[in-house]
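Here is a short report for a reader who is new to this structure. Take a look at the sequence and the model first.

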Amino acid sequence: MKLSKRLQAIYDMVPNGVVADIGSDHGKLIISLFQNGIISKGYAIENKKGPYSRLVKAIEDSGCSDSIVPMFSDGISELPSDIDTIVIAGMGGFNIIEILKAHPLKLKNVRTIIVDAHNSIPEMRKQICYMGYIIADEDIVNDGGKYYEIIKFIAGECAYLDNNDFEFGPVLRKEKSLTFKEKYQSRIAEIDNLLSTKKLSGDRILDLDKEKERIRRVL
Ligand SMILES: C[S@@+](CC[C@H](N)C(=O)[O-])C[C@H]1O[C@@H](n2cnc3c(N)ncnc32)[C@H](O)[C@@H]1O
């Protein structure tokens, strides 16, 4: 199964073991991980009827029903205890934080959390670090003209991170990949365009100027 660039970047971070994909939808990621021998067992979790039915069918069609268990449940509320890695992708950052914080005891055996949030990424980095995880790896991809940041957390004492780390990612801002630079150069162009074409309040102009300055210092 050919994965999108975004799903491939997530796939590349998944360690061997037992994995739960929360908000699995089409099930492509978990099915590929199992079919290619990356994981020994998978749980595909969905809380909405339409996607759940699609998921059950995709797992049946893949012939992996013995090793991938579809679960109709909310987030990690019924997370089985044999899971050591969870993936939560394709959702808003606050939704991801809410899912993780709702049942902290369920994370007892979870060593790795891989996330791909649409938004609120700095706050998500901060909150997951405060939950007892450190950022072990990050990647940024441009998939169909949109930038996605994939973050891998592993259980461990929270390392010191400053606001630049939360905003730009401790790994990403060190690596400064071409895609990272492109993302923030295009954000600067977007800000310049806003400043020159829109009627904005003084506070908004100040915020945009500050954002531009933070980006310039990181690039
Ligand atoms: C946009 S899709 C992303 C699918 C896939 N993870 C990906 O990245 O391509 C988000 C999925 O998460 C599911 N979802 C949202 N909140 C959830 C929750 N609390 N528990 C389980 N599934 C949830 C939605 O029903 C939807 O199918």
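Helix H4 passes helix H5 in a left-handed crossing. This is a predicted model. The axes of H4 and H5 (residues 121-130) come within 8 Å and cross at roughly 20°. Angles under 35 degrees count as roughly parallel, so H4 is roughly parallel to H5. On the H4 side, the contact is made by Gly93, Ile96, Ile97 and Leu100. H5 brings Ile121, Glu123, Met124, Gln127 and Ile128. By class, the residues of the contact of H4 with H5 are six nonpolar, two polar and one charged.

Helix H8 covers residues 178-197, and helix H9 covers residues 202-218. Their axes come within 10 Å and cross at roughly 155°. Angles over 145 degrees count as roughly antiparallel, so H8 is roughly antiparallel to H9. H8 passes H9 in a left-handed crossing. Tyr184, Arg187, Ile188, Ile191, Leu194 and Leu195 make the contact from H8. From H9 come Ile205, Leu208, Glu211, Lys212 and Ile215. The residues of this contact of H8 with H9 divide into eight nonpolar, no polar and three charged.

The table sets out the two pairs.

Now the ligand. How many residues surround the ligand? There are 16. The closest are Gly23, Asp25, Asn47, Ala89 and Gly90. Which element gives the most to the shell? Strand S4 does, with three residues. By class, the shell has six nonpolar, six polar and four charged residues.

Last, the whole chain. The protein chain has nine helices and seven strands. Its radius of gyration is 19 Å, close to the 17 Å that the globule rule gives for 219 residues, so the chain is as compact as a globular protein of that length. Along its principal axes, the C-alpha trace of the protein chain spans about 60 × 35 × 30 Å.

Key: Residues are numbered from 1 along each chain as its sequence is written. This is a predicted model: local features need pLDDT of at least 70, side-chain atom pairs count only at pLDDT 80 or more; totals for chains, interfaces and linings use all residues. A residue is near a molecule or strand if its C-beta atom, placed from the backbone, lies within 6 Å of it. Helices (H or I, at least four residues) and strands (E, at least two) are DSSP runs, numbered from the N terminus. Ala, Val, Leu, Ile, Met, Phe, Trp, Tyr, Cys and Pro count as nonpolar, Asp, Glu, Lys and Arg as charged, and the others, Gly among them, as polar. Axes are lines fitted to C-alpha atoms, for helices over the stretch in contact, and angles run from 0 to 180 degrees between N-to-C directions. Angles under 35 degrees count as roughly parallel, over 145 as roughly antiparallel, 65 to 115 as roughly perpendicular and the rest as oblique. A crossing is left-handed if the near helix is turned anticlockwise from the far one by less than a right angle, and right-handed if clockwise. Two residues are in contact if their C-beta atoms, placed from the backbone, lie within 7 Å. The radius of gyration is taken over C-alpha atoms; the globule rule is 2.2 Å times the number of residues to the power 0.38.
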